[in-house]
Amino acid sequence: MTAPLLEISGLGKRFGGFVALDGINLAVAEGERVGLIGPNGSGKSTLVNCICGTLVNESGTVRFNGESLAGLKAHERTHRGLARSFQLPRPFTSLTVAGNLRVPMVYTVNARPGTHLSAADIDARCAELLRLVGLDNKATHLPRDLTQVEMRKLELARALAAEPKLLIADEAMAGLSQAEVNDIVGLLINFNERGITIILIEHIMRAVMSFSQRLVVLVSGKKIADGTPDVVIQDPEVERAYLGQ
Amino acid sequence: MRHPGELVDIPYDLLVNALVAGLLLGAFYAAVTVGISISFGILDIVNIAHPGFVILGSYIAYIVNTRLGFDPILVSIAMLPVFYALGAVIYQVYHASFERRGQDSLRGLAFFFGLLFVTEVALVLVFGVDYRYVHAAYIGPSINIGIIDLPLRMLVPCLVSLALIAGLQLFLTKTFIGRAIMAVAQDQLALQLMAASPTRIKRIAFAISIATAAIAGALLIIIQPVEPSVGREYIGRVFAICVLGGLGSIPGTLIGAMMLGILESFTSTFYGPSWAPAVAFGVLLLVIAFRPSGLFGR
Amino acid sequence: MRSSTFILLCTVVAAFVFAAIRWVGNDYLFVAGYVVLQFIVLATAWNILGGYTGYVNFGSAAFFALGAYSSIFFNKAFPLPVPLLIVIGGVVSGIVGLGMGYLTLRLRGAFFAIGTLALAIVLQTLVTNWRYVGGARGAYVIRPGEIEFLGPYSQYLFLLMLALAVIALSIARGIERSQLGYGFATIRDDELAAEASGVPTLRLKLIATTISGGLMGMAGAPFPYYLGYVQPSAAFGLEYAVNSIAMPMIGGTTSWVGPLIGAILLATLQQWATVTISSELGVLIVGVLLVSFVILAPKGIVGLVEGWRRKKAGS
């Protein structure tokens, strides 16, 4: 068996007296589709922020692609192939939709040793990505012209433009209609088929169940379950702590 | 200039008096800062124009005092509603123009900087750059307790300031609106559940913060003669104290103010008054660089 | 337009301005023009940090005065020609900008703004208490009356400032069109998202503070020679801080054109007000304009013109 792509061990984070994450262990293999669920305030977003370098964990380690991420800043982690989308879309408001996608190409893909995209390459990749997420007719628009679901797609496309090995999608579907949720799930599965490992953090159970090959449950900063979705969902502890509420 | 090593030779009574003077000064600084502790510390509105409003308060106290002979502190209490209304109007403009549009950082800062500057220049145009002062029975005499010298000019502002701080602390912790103000920064959702509009709560809080400037201004002109650019020195002081005290804590503000007062008092006693302005800003730079959550922050 | 073409064009315009003023033959125009040019450099420099990355610098006066006082220091220690002093002033201010940025830029934007305000007062107190550079009373420099081949010294200083303005505008425009400017825009829009997209935000912000501070120092370096005399209250004057914020804000912060327009308008206005009414009224107008523009026309004159043109094209 090969080493996992992402390996978190004993991860701990506290805010003052509040323990947000308590000794989290988690391994994600290359190519996997993992769903991460938990009630509000269970520490999901804190976990994402610790993996991506937005927050600094007090204890434990995060290893990615065989390398420890300790001390690396968020942008350095992105350079190493770890991309995220934000819970609330955070587009670059003064750049066009295509301009948003150019940022990770210029600052991440071109920062990797041995790759250099020319301006024409970048334009071609932008167009391809926009087609993939169905935003090709909005390329020259500013983000403020986009609808909710288009904003989510831009958020995912921008994360993808960094050509990551692992994509962490933080509540990419909150507030969307059922058809739009299906649309996004389809996109994520499409990304996964192109070889990108994905961790999906989500509240909408139907989406998580149809997407995930494996389900991880966080409650009050602790991991209480980790396994195939149908097994996890029947776990009495999960039912009590999360689904029963 | 003396060197710190010579401190041991300083007479005991000079040391004690520097300490007392620092405490009195610090208490007064708390009155100037408490407005910033509310606006910047609690509401996250970087109102760098606050010292400008304090100077405005000084000039109003000066005009009424010289024309009609009223006590500056009483004048400032009478002016509270006017400053409250001014604060409410400014918040409304700030909210409509910057906060709601999500442009509060760059343009909001420029807005308050512009207000500070306009206030200062307008005062220069009307009153010139001469120092102005007020008359009151307690400006001049001192109480002497042993070797300690307590000038009433400092003691009265100190007591008024402590009363202001205590009143605000009671208001913020004991009343419904006060608690809503404390909650507004952390949890807007909870606030909505309490059926309070965040905008309204913030407007009240900001108006109160400007109202405190009326009192702080009267205290300032009792302590020292005032000219329009004096406000600038206070920008560093108020933010240094506010950050030292841990952003938004009223008791923290008082402690931070006392610490800075003592530090400045010792600096001017032992090094000379020309170095005093740098103390506050130096402290501010150090705190920002190394301890941005304040000395008592986590 | 390519950068080299732009620089060439700027130089041609600058040469034309110089020739025109010489042709008019009024020496006051050189003296007043110097101030306008100085503000073009200051406003452009401020905008590289403030307009492009969104970080407000209230301490323009500090960086300007650093340039002026490094000239005073070298003038006493080992006299050097003014162009060299401009380079030194730029290096000193650039280094201070870098240090300042390193201390405060890891925090929220407001702390940087307050920190720059603090820096100005700390430096002013240091200079006021430093006898070698004249202390509170200030210092004189002896400036030559004439320069060979050129004529009056004021024309020489005017030319130097004109060259600095061309350099500053070319740098600003160059940044806008480069990958650097692209990165700056992402910082202004959303710093967290910029990091997540791989933008090294701290490094870019430090580059911006260094370039911006350096240019301000360069603008300040010839100042003692312009007046023949410098005292702390003049070099650290609040009007430098206000003007270098007001000019880009009023002109428009998103491109190099805005600070240029703002500086020409406001500096000319103040020169005119100083002569005809009073300099206080001039700066009061600047303050009122600043407040009005940030409330009513957040994109400045450039934004107003663009909006007007779009409306005209639409109808």
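A salt bridge is a side-chain nitrogen of Lys or Arg within 4 Å of a carboxyl oxygen of Asp or Glu. In this predicted model, the side chains of A:Arg214 and A:Glu32 form such a pair, at 2.9 Å from N to O. The two residues lie 182 residues apart, with A:Arg214 in strand E9 (residues 214-219) of chain A and A:Glu32 in the loop between strands E2 (18-28) and E3 (33-37) of that chain; strands (E, at least two residues) and helices (H or I, at least four) are DSSP runs numbered from the N terminus. Over all chains, a search of the whole structure finds 16 salt bridges.

The model is predicted, and local features need pLDDT of at least 70, side-chain atom pairs pLDDT 80 or more, while totals for chains, interfaces and linings use all residues. Residues are numbered from 1 along each chain as its sequence is written, chains are lettered from A and ligands numbered from 1 in the order in which they are written, and side-chain values use heavy atoms, without hydrogens and water.

Chain C meets chain B through 41 residues from chain C and 41 residues from chain B, where contact means heavy atoms within 4.5 Å. These chains bury about 3,700 Å² between them, 83% of it on carbon and sulfur atoms; buried area is the accessible area (1.4 Å probe) that two parts lose on being put together, summed over both. In chain C, the residues that lose the most area to chain B are C:Phe111, C:Ile114 and C:Leu238, together 16% of what that side buries. The count between chain C and chain B is 0 salt bridges.

Chain C also touches chain A, with 20 residues from chain C and 23 residues from chain A in the contact. The area buried there is about 1,800 Å², and carbon and sulfur atoms give 60% of that area. The count between chain C and chain A is 1 salt bridge, and the side chains of A:Arg90 and C:Asp190 meet in a salt bridge at 2.8 Å, N to O. On the side of chain C that touches chain A, helices H7 (179-189), H8 (191-196) and H9 (201-220) of chain C each give two or more residues. Helix H7 of chain C gives the most, with 8 residues.

Within chain A, the axes of helix H5 (residues 148-161) and helix H6 (residues 178-193) come within 11 Å and cross at roughly 10°, the axes being lines fitted to C-alpha atoms over the stretch in contact, with angles from 0 to 180 degrees between N-to-C directions. H5(A) is therefore roughly parallel to H6(A), a term for angles under 35 degrees.

Technical notes: Parallel < 35°, antiparallel > 145°, perpendicular 65-115°, else oblique.
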